[in-house]
Amino acid sequence: VALKCGGLLLLCESNGAVPGEPVKKDENSRRGNWGNQIEFVLTSVGYAVGLGNVWRFPYLCYRNGGGAFMLPYFIMLVFCGIPLFFLELSFGQFASLGCLGVWRISPMFKGVGYGMMVVSTYIGIYYNVVICIAFYYFFMSMTNLLPWTYCNNPWNTPDCSGVVGQDGTLNTSLANTTSLVTEVVNRTKRTSPSEEYWKYYVLNISDDIGNFGEVHLPILGCLAISWVVVFLCLFRGVKSSGKVVYFTATFPYVVLTILFIRGITLDGAINGIKYYLTPQWEKVLDAKVWGDAASQIFYSLGCAWGGLITMASYNKFHNNCFRDSIIISITNCATSVYAGFVIFSILGFMAHHLNVPVSEVADHGPGLAFVAYPEALTLLPISPLWSLLFFFMLILLGLGTQFCLLETLVTAIVDEIGTDWIIRHKTIITLSVAIVGFLLGIPLTTRAGIYWLLLMDNYAASFSLVIISCIMCVCVMYVYGHRKYFKDVEMMLGFPPPLFFKICWRFISPTIIAFILVFTVIQYKPITYNDYIYPGWSLAIGFAMALSSVICIPIYAIYKVVRSPGATFRERLKNACRADPNWGPALKEHRTGRYAAMTSEDAVEDCPLKEREELKEELKEEQKERKDDISLTIQGSNGSTTTHNNPNPSA
């Protein structure tokens with residue numbers, strides 16, 4: 001398209017665009033970028049805001065002093081959560097690489113990236129099983145009467161005692177007669193219809209973790225649906241997932257608001273909210289409360305999973321990830337608090353009708369999502385509608401996290417191989433990872449599946465994440481160097497990191513991470529499921545899963561030191577820790593200052609003294625050969641001239 005401007009005729013490339021409109025293209029054309037910054041923020045919010053915000057935070061809040069828990073929670077957010085979030089976002093965005101590629105910053109620590117991949121693999125396997133169970137409950141809610149309302153089903157036991165009577169009214173034996181209430185509450189064998197539906201119908205749970213039994217086909221079918229949905233949303237990478245998150249990241253808030261409005265209008269809802277928020281200030285002095293607050297912030301934000309680095313790697317180089325980290329972190333924590341209001345308003349209503357304390361109906365984990373809350377839903381008018389909304393919200397919350405887990409693995413594989421073929425056929429890698437994830441999730445759909453799911457949840461992504469995060473902080477701040485990294489961030493953002501973040505990265509955040517690790521070890525208790533005690537061999541498998549991600553770090557470090565050049569161990573170690581020459585911004589136009597292309601002589605000067613003279617001689621010979629090659633040309637049959645030395649054969 002020829003444009004006449006100031007008397008000069010300029011030729012510009014339209015790429016099929018309408019004349020006069022700006023041509024929208026990726027900054028990194030080879031790897032791709034987010035369509036816009038909103039897509040990145042929504043994806044990161046969907047990643048950080050997950051099922052734990054609904055079923056873990058409210059439980060921790062009321063267990064650790066109610067409103068008093070908010071104080072250590074927000075202190076940990078400011079001094080640990082936001083700084084770590086900013087560190088990982090800036091790390092991935094600066095290099096435009098996933099959780100493996102970024103370790104060009106110090107190749108010896110690449111095992112940290114492999115550890116992140118292992119953790120994301122474990123979480124991705126069992127997380128999608130939880131999503132598939134939410135799918136199952138969603139489909140089972142498409143009925144006039146929720147199947148866990150009454151105790152007259154084939155799977156119910158004589159100990160089943162429902163909240164709603166067979167005539168559809170409240171069971172008076174549970175609500176109106178004080179003596180009978182006391183008797184029923186004190187009966188240790190009393191089980192609700194929702195609990196028996198969960199245990200004996202949905203899970204059909206076996207008596208031991210080693211007794212797998214048969215696969216529950218409806219759950220297996222829902223697992224297949226979950227993986228198909230995840231693949232379809234990711235088959236074009238961030239280009240497709242970035243569009244999907246407009247719905248998956250925002251609609252849960254619509255559902256939460258609908259459930260909140262409905263919840264606070266119910267009898268007893270205020271009692272539940274009071275129970276949730278009433279501060280018990282004496283608990284603030286308890287170290288366990290601070291440990292729970294730090295752990296919840298750390299795990300809730302998804303630090304050390306590799307997902308934050310991966311998502312940020314698709315940002316444009318000068319994107320303000322400092323602003324994004326604050327927005328996403330605060331949104332995540334505000335969602336946790338908001339979800340607590342929703343959950344406890346419903347639980348307060350349930351406690352009011354049962355005439356029991358809120359603590360009798362409050363639960364956490366799968367017990368809250370698939371037992372306590374479904375039972376409360378049976379008390380609401382048009383209960384199937386509220387059930388559909390609740391489980392649809394769980395599905396969307398889970399998918400937002402699952403998208404990033406899968407993309408983390410795919411991006412790491414594609415960046416590591418890095419060939420043009422693998423980049424063009426990234427969809428095949430995504431499909432392959434999804435199929436492997438589905439196959440590995442099949443054992444979790446058996447009768448012993450819940451035992452294995454909880455084992456993976458408690459061990460695969462627990463203290464190993466803390467160790468990975470701590471080593472990452474130490475590597476970036478002390479091995480690579482805090483001054484270098486602060487300059488990198490300043491080059492990327494246009495301003496240096498605030499002094500507060502510099503102090504947190506170097507001192508406060510690593511100290512809190514170490515505190516979390518010590519707290520986790522001291523508070524360790526062998527996992528149990530209700531009355532079931534896990535056998536020793538299963539706990540050994542759990543520890544093996546936890547160590548499998550951490551062990552990557554020393555194994556790769558030893559490998560890298562052995563393979564590094566140097567006459568002594570000290571030289572090898574120094575070379576293994578030194579940043580790779582390719583470390584830095586991915587695009588040439590951003591490699592300014594000390595990242596500007598070094599001459600070969602500069603590269604020689606960075607080598608050890610003993611090798612410097614030898615490399616200089618090799619460099620002179622290489623330059624002489626290059627001049628000779630350039631002078632040689634071959635006259636082609638079509639009259640064109642071709643050189644032997646073509647620096648870009650694919651051009």
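Predicted model: local features only at pLDDT ≥ 70, side-chain atom pairs only at ≥ 80, totals over all residues.
## Basis

Local features need pLDDT of at least 70 and side-chain atom pairs count only at pLDDT 80 or more, while totals for chains, interfaces and linings use all residues. Residues are numbered from 1 along each chain as its sequence is written, and side-chain values use heavy atoms, without hydrogens and water.

## Val 49

UniProt, in an unreviewed entry, places the feature "binding site" at Val 49; its positions are given in the numbering used here, feature names are shortened, and annotations may be inferred rather than shown by experiment. Val 49 sits in the loop between helix H1 (37–48) and helix H2 (51–55). Helices (H or I, at least four residues) and strands (E, at least two) are DSSP runs, numbered from the N terminus.

Val 49 counts as buried because its relative accessibility is 4% (buried means under 20% relative accessible area, exposed over 50%, partly exposed in between, with a 1.4 Å probe and protein chains only). Beyond neighbours within four places in sequence, Val 49 is in contact (heavy atoms within 4.5 Å) with Tyr 253, Asn 332, Thr 335, Leu 397 and Thr 401.

## Thr 43

Thr 43 is part of helix H1 and is buried, at 4% relative accessibility. A polar atom of its side chain lies 2.7 Å from the backbone oxygen of Glu 39. Leaving aside neighbours within four places in sequence, the contacts of Thr 43 include Trp 34, Met 311 and Cys 404.

## Positive phi values

Ser 96, not a glycine, has a positive phi of about 55°. Ser 96 is in the loop between helix H4 (70–95) and helix H5 (110–140) and is buried, with a relative accessible area of 9%.

Ile 382 has a positive phi near 55°. The loop between helix H17 (366–377) and helix H18 (383–417) holds Ile 382, which counts as exposed at 59% relative accessibility.

Technical notes. Polar contact = N/O pair within 3.5 Å; in protein donor to acceptor, adjacent residues only side chain to side chain.
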